[in-house]
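Look at the model first, then read on.

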Amino acid sequence: MNPRARIGRERSGDVEDTVDAITISPAASVEAEIDLPGSKSYSNRALLLAALGEGRSELTRALFSDDTRYMHQALTQLGTRIRADQHLRRYEVEGCGGAFPSRGAALSVGNAGTAARFLTAALAIGEGVFSVDGSPRMRERPIEPLLDALRQLGVDASARLANGRPPVDIRAGGIPGDVHACRGTSRASS
């Protein structure tokens with residue numbers, strides 16, 4: 001049996017575009033050594049994954065930039081213990097085991113789009129009342145497709161100004177898990 005999920009409503013000729021659905025199951029444990037290039041996007045992803053993981057993670061060759069500083073600050077606000085050494089380009093992160101200890105926080109992400117989107121999704125798996133906001137430029141960037149996907153999963157998430165852009169409010173009570181489809185884009189942003 002091979003379930004299929006629709007992507008959008010676009011047609012190419014007479015055939016509607018489809019993609020195979022993927023099932024993601026938690027691993028019992030992961031032991032790996034990953035060589036990070038100097039990328040704010042990769043560094044932010046690694047910080048978030050390490051924060052949600054169990055035990056201590058060491059991230060080396062990480063990029064220290066405004067975006068990663070905002071992610072570091074937000075994760076710290078959420079109760080994650082992180083030691084940063086900019087000179088050695090290293091973070092040591094004590095994971096929270098799948099959900100952040102904090103039950104409420106107002107997070108500022110500046111203009112860090114990766115931090116805004118990934119934190120919004122990650123906050124939904126925990127419990128509490130959270131907000132994610134940023135710079136005036138961040139308030140121009142759309143986030144409604146993510147909020148719509150979270151609402152499909154039963155998360156109370158909304159754009160505070162009802163315009164599909166940050167600030168975002170999340171009233172989280174965990175996500176029970178299910179299969180849903182959402183529309184996305186792969187546009188590069190600066």
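Q: Is Asp-67 buried or exposed?
A: This is a predicted model, in which local features need pLDDT of at least 70, side-chain atom pairs count only at pLDDT 80 or more, and totals for chains, interfaces and linings use all residues. Residues are numbered from 1 along each chain as its sequence is written, and side-chain values use heavy atoms, with hydrogens and water left out. Buried means under 20% relative accessible area, exposed over 50%, and partly exposed in between, with a 1.4 Å probe and protein chains only. Asp-67 has 12% relative accessibility, so Asp-67 counts as buried.

Q: In which helix is Asp-67 found, and which residues is Asp-67 in contact with?
A: Helices are DSSP runs of H or I with at least four residues, strands are runs of E with at least two, and both are numbered from the N terminus. Asp-67 is found in helix 2, residues 66-77. Contact means heavy atoms within 4.5 Å. Leaving aside neighbours within four places in sequence, the contacts of Asp-67 are Lys-40, Asn-44, Asn-111 and Ala-112.

Q: Is Glu-92 buried or exposed?
A: The place of Glu-92 is in strand 5, residues 90-94. The relative accessible area of Glu-92 is 17%, so Glu-92 is buried.

Q: Which residues does Glu-144 touch, not counting residues up to four places away in sequence?
A: Glu-144 lies in helix 4. At 29% relative accessibility, Glu-144 counts as partly exposed. Glu-144 and Ala-159 are 15 residues apart along the chain, and their C-alpha atoms are separated by 7.4 Å. The residues that Glu-144 touches are Arg-151, Ala-159 and Gly-164.

Q: How are helix 3 and helix 4 placed relative to each other?
A: Axes are lines fitted to C-alpha atoms, for helices over the stretch in contact, and angles run from 0 to 180 degrees between N-to-C directions. The axes of helix 3 (residues 113-123) and helix 4 (residues 144-152) come within 11 Å and cross at roughly 10°. Angles under 35 degrees count as roughly parallel, over 145 as roughly antiparallel, 65 to 115 as roughly perpendicular and the rest as oblique. Helix 3 and helix 4 are therefore roughly parallel.

Q: Which residues of helix 1 and helix 3 meet?
A: Helix 1 (residues 40-52) and helix 3 pack at an angle of about 20°, with their axes 10 Å apart. Helix 1 and helix 3 are therefore roughly parallel to each other. On the helix 1 side are Ser-41, Asn-44, Arg-45, Leu-48 and Leu-52, and they meet Thr-114, Ala-115, Phe-118, Leu-119 and Ala-122 of helix 3.

Q: How many residues of the contact of helix 1 with helix 3 are nonpolar?
A: Ala, Val, Leu, Ile, Met, Phe, Trp, Tyr, Cys and Pro count as nonpolar, Asp, Glu, Lys and Arg as charged, and the others, Gly among them, as polar. In the contact of helix 1 with helix 3, three residues are polar, one is charged and the nonpolar ones number six.

Q: What share of the residues of the protein count as buried?
A: The protein has four helices and nine strands. Along the sequence they follow the pattern β-β-α-β-α-β-β-β-α-β-α-β-β. Of the 190 residues, the share that count as buried is 35%.
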